[in-house]
Amino acid sequence: MSHGLNISALCRVTNFETVRRILGKLALQGALDELAHRITGTFGGAELIGAGRDLMEFAFRAADAQAAQAQLEAVRHELTSRQEGLAPEARLSFDIGAAWASCDEGDTLRLLEAAEAALDRAADAGGLAVIDLSLADRAVDRLTLISEMPRAIAAGEMFLHYQPKINVRQQQVASAEALIRWQHPERGLVLPGDFIAAAEESGQIAPLTLWTLRQVIADQRRLAAEGHDIPLFLNISGMLLANAEFIDAACAIITAHPEAKLGFEITETAVIRDPESAIRHLHQFADHGVVLAIDDYGAGLSSLAYLKQLPAKELKIDKMFVTQLTSSHRDPLIVRSTIDLAHALEMEVTAEGVETPAALALLSVMGCDLVQGYLISRPVPFAALCTFLDEQEHRIETLSNRPVFSRSGSFWKRA
Ligand code: C2E
Ligand code: MG
Ligand code: MG
């Protein structure tokens with residue numbers, strides 16, 4: 001551990017346009033200046049490095065990672081509690097991305113870049129994400145992460161966020177996908193992109209996935225008890241499809257909970273490596289009532305005709321084709337022909353990475369069955385998924401006679 005850390009924190013207003021319409025430009029700027037002033041006044045040594053239209057950059061110091069994390073939580077608290085007197089629609093909400101590095105390290109640009117990367121992740125992390133550069137050696141870093149994983153699972157540091165999938169025609173939530181996160185005591189939030197590959201290589205993906213499966217079954221039961229008996233999907237790493245021990249353990253858990261509505265999302269690349277045993281094991285899951293979806297379709301090299309040999313009911317088009325859907329010439333053609341071919345093969349199609357109303361409208365016209373993405377909801381904690389489902393119920397009662405997509409843009413951005 002180092003003798004002190006430099007922290008760079010970026011605070012971005014996530015509802016800038018909405019509040020600007022309500023307060024006006026000048027009042028909004030005043031409110032932001034006031035908040036920045038509060039932060040530098042309240043936290044000794046905090047400096048305002050720069051402020052843009054909807055962004056503020058602060059620099060702090062802290063003794064160690066724990067103190068740094070606590071200070072960021074306090075800044076977040078300060079930003080929300082300072083606005084409690086305001087009308088709810090005039091309150092600013094923030095995403096905070098931060099990074100810290102040892103004080104001995106002089107590379108401020110690297111620190112700022114890491115804070116920017118953390119800010120990109122903040123929305124998925126519940127508003128605050130942190131990248132720790134003080135553990136500089138990435139090789140050691142990965143090894144440490146791997147060695148810490150069993151303890152982390154046992155200590156309850158892993159948790160799940162859920163992202164709903166919406167049925168386009170029925171305009172209601174059809175299912176939700178579980179996405180794993182790791183709340184590391186020192187590093188802050190670690191996203192799956194940073195540890196799933198390591199878990200795969202180190203043989204820890206099986207226990208991790210069995211933990212996820214149990215958690216998802218428990219959550220699905222809680223959902224059903226609250227009157228929202230929708231299937232929950234989890235991601236199954238492809239390499240597990242060749243692991244007979246994992247398959248047996250997973251099937252035993254599923255058999256013990258015959259009431260659970262479950263789905264597995266499998267990446268297509270996984271299946272190509274060892275098609276024979278993968279297909280056999282996938283049939284085993286399907287026979288246990290698990291709905292199978294092919295994830296990230298298009299990111300690999302396999303053809304749909306080949307994938308049709310799998311007992312999958314759902315095809316998820318990779319977000320790389322969806323996020324640029326309305327600005328690219330090629331992507332709409334690929335998406336449209338994929339939807340048509342999948343339908344001919346009797347599969348339902350989900351588009352992931354739906355971020356704009358324009359993409360949603362185009363996908364609807366193309367006959368896409370299900371959509372998932374930031375436009376509808378980010379991955380959220382279980383409680384927020386329940387709220388999303390409760391509110392949907394209410395809206396459907398009042399809007400059920402309206403034509404498709406009569407809902408305002410704000411509906412899709414809720415949760
Ligand atoms: P995936 O299954 O394809 O999940 C979709 C990823 O896209 C998620 O990232 C999600 O947060 C993100 N995403 C959702 N909507 C949008 C959008 O509108 N725009 C953009 N740009 N991105 C969006 P996340 O949670 O970081 O997960 C990344 C990958 O990690 C997942 O990709 C999945 O392959 C893997 N993963 C997550 N949880 C688990 C798990 O429990 N087990 C295994 N084996 N893999 C997991
Ligand atoms: Mg997935
Ligand atoms: Mg995917």
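Start by selecting Glu355 together with ligand 1: a polar side-chain atom of Glu355 sits 2.5 Å from a nitrogen atom of the ligand. That is a polar contact, meaning a pair of N or O atoms within 3.5 Å. Taken alone, ligand 1 exposes 800 Å², and the protein buries 85% of that (areas by the Shrake-Rupley method with a 1.4 Å probe).

A word on what you're looking at: this is a predicted model, where local features need pLDDT of at least 70 and side-chain atom pairs count only at pLDDT 80 or more, while totals for chains, interfaces and linings use all residues. Residues are numbered from 1 along each chain as its sequence is written, chains are lettered from A and ligands numbered from 1 in the order written, and side-chain values use heavy atoms, with hydrogens and water left out.

One of its polar side-chain atoms lies 2.9 Å from a nitrogen atom of ligand 1. Then click Tyr374, where a backbone N or O atom is 2.8 Å from an oxygen atom of the ligand.

Switch to cartoon view. Strands here are DSSP runs (E, at least two residues), numbered from the N terminus.

Time for the metals. Select the magnesium ion that is ligand 2: its protein donors are Glu177 (OE), Asn235 (OD1), Glu265 (OE) and Asp295 (OD), 2.1 to 2.2 Å away. Donors are N, O and S atoms within 2.8 Å of the metal (3.2 Å for Na, K and Ca), and since water is not among the atoms, sites may look incomplete. Glu265 lies in strand 10 (residues 262-267) and Asp295 in strand 11, so this pair ties together parts that are 30 residues apart in sequence.

Finally, move to the magnesium ion that is ligand 3. Asp295 (OD), Asp296 (OD) and Glu352, through two OE entries, coordinate this ion at 2.0 to 2.6 Å. Which residue coordinates both magnesium ions? Asp295 does, and the two ions are 4.0 Å apart.

Methods: A polar contact is a pair of N or O atoms within 3.5 Å; within protein, one must be able to donate a hydrogen and the other to accept it, and residues adjacent in sequence count only if both atoms are side-chain atoms. Helices (H or I, at least four residues) and strands (E, at least two) are DSSP runs, numbered from the N terminus.
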